[in-house]
Amino acid sequence: MKDFGFAIEKPRALDLDKADRNLYVRLLKREPSFARCFQCGMCSATCSARNFTDYNIRRIHTLMRQGQTQELDAMLQKCMLCGKCTLVCPRGVNLRHLIIQMRKLLNNE
């Protein structure tokens, strides 16, 4: 077999039917406003942490909804909890409280 300098990778597709959404359901009980988020990006646009790191609130929402917690904890620690995102949210999602609750759930508190 010839080596062409590349290899076929495993597909990165997620089967969301098999995803563990238990953490997401528990988070909704603690912060029901999270269900109103439609990921418009206003929070990411005003985020101070994003100016200095690869922090992305929209990515955090997606990871949480898909049940992917591997990289979620490291990303949550980059949040400075300044609350700018909460002020600009058009849907009234309490993002500051949401981030705090996500941290607690990931640390089994």
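Is Cys43 buried or exposed? At 8% relative accessibility, Cys43 counts as buried. Buried here means under 20% relative accessible area, exposed over 50%, and partly exposed in between (1.4 Å probe, protein chains only).

The model is predicted: local features need pLDDT of at least 70, side-chain atom pairs count only at pLDDT 80 or more, and totals for chains, interfaces and linings use all residues. Residues are numbered from 1 along each chain as its sequence is written, and side-chain values use heavy atoms, with hydrogens and water left out.

Cys37 is also buried, with a relative accessible area of 16%. The closest cysteine sulfur to that of Cys37 is in Cys43, 6.2 Å away, which is too far for a bond.

Salt bridges number 2. The term denotes a side-chain nitrogen of Lys or Arg within 4 Å of a carboxyl oxygen of Asp or Glu. Asp54 pairs with Lys78, the closest N and O atoms being 2.3 Å apart. Asp54 lies in the loop between helix 3 (48–52) and helix 4 (57–66), and Lys78 in the loop between helix 5 (72–76) and helix 6 (84–88), so the pair ties together parts that are 24 residues apart in sequence. Helices (H or I, at least four residues) are DSSP runs, numbered from the N terminus. Asp54 is exposed at 51% relative accessibility. Lys78 is partly exposed at 31%.

Arg59 forms a salt bridge with Glu71, with the closest N and O atoms 3.6 Å apart. Arg59 sits in helix 4 and Glu71 in the loop between helix 4 and helix 5, 12 residues apart. Arg59 is partly exposed at 34%. Glu71 is partly exposed at 38%.

How values were computed:
Disulfide = S-S within 2.5 Å. Helix = DSSP H or I, 4+ residues; strand = E, 2+ residues; numbered from the N terminus.
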